[in-house]
Amino acid sequence: MKSKAFIWDMDGTLVNSYPAIVPAAQKVCADAGREYSFEYIYNYVIRTSVNTLLEDIAEESGTDFRLLKEEFNRLNDSHIGAIQAISHARDTLETLAARGHLNFVYTHRGASCREILQQTGLLPFFTDIVTALDGFPRKPSPAAIQFLLQRYDLKGEDSFYVGDRNLDAEAARNAGINSIL
């Protein structure tokens, strides 16, 4: 069997991080004078991104986006203990690795990525991890995916980006690879 490559989004795909993300975003929004329900923020973030939410709040409230983002990151990182692996994520990664397939992560998350993958027991299954700290443009830009394809000499037709949002499928399409949503 021909080896395949799976490039995984992290939040919402490998781990259920929304119990940390949404309360952090709620607090940042409230501090900027905008009160939103858990459901509203969850749906907003799934449809767009945390960055888009924070950009909108910054514009509406006249608050500096960088300050909102720093506070969000601090609050989010303080709740990473609440993050758990998605049901069957470990089994899926283990099966793919046992069949000789490669697994990678490409996420907008920064420094906490490895810690979360370690605490959930998923870290050993990944050949490489690309995070926001690597400086690539955000999805749907294909740059980070293309970096992995080139670095590991992966073929587009044998590579899949696995995510939970339309943004992930768009990034895969822009990189010329398959997507699993």
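Asp-9 and Lys-139 form a salt bridge (a side-chain nitrogen of Lys or Arg within 4 Å of a carboxyl oxygen of Asp or Glu), with 2.9 Å between the closest N and O atoms. Asp-9 is in the loop between strand E1 (5–8) and strand E2 (15–16), and Lys-139 is in the loop between strand E5 (128–130) and helix H7 (143–151), so the bridge ties together parts that are 130 residues apart in sequence. Helices (H or I, at least four residues) and strands (E, at least two) are DSSP runs, numbered from the N terminus. Asp-9 is buried, at 3% relative accessible area, and Lys-139 is likewise buried, at 5%. Here buried means under 20% relative accessible area, exposed over 50%, and partly exposed in between (1.4 Å probe, protein chains only). A network of salt bridges links Asp-9 and Lys-139 with Asp-168.

The model is predicted, local features need pLDDT of at least 70, side-chain atom pairs count only at pLDDT 80 or more, and totals for chains, interfaces and linings use all residues. Residues are numbered from 1 along each chain as its sequence is written, and side-chain values use heavy atoms, with hydrogens and water left out.

The structure holds 10 salt bridges. One of them joins Lys-27 to Asp-31, at 2.9 Å from N to O. Both residues belong to helix H1 (residues 18–31), where a spacing of four residues separates them by about one helical turn. Lys-27 is partly exposed, with a relative accessibility of 41%.

Arg-34 is bridged to Glu-60, with the closest N and O atoms 3.1 Å apart. This pair links distant parts of the chain, 26 residues apart: Arg-34 is in the loop between H1 and helix H2 (38–47), and Glu-60 is in helix H3 (residues 50–61). Arg-34 is partly exposed at 25% relative accessibility, as is Glu-60 at 45%.
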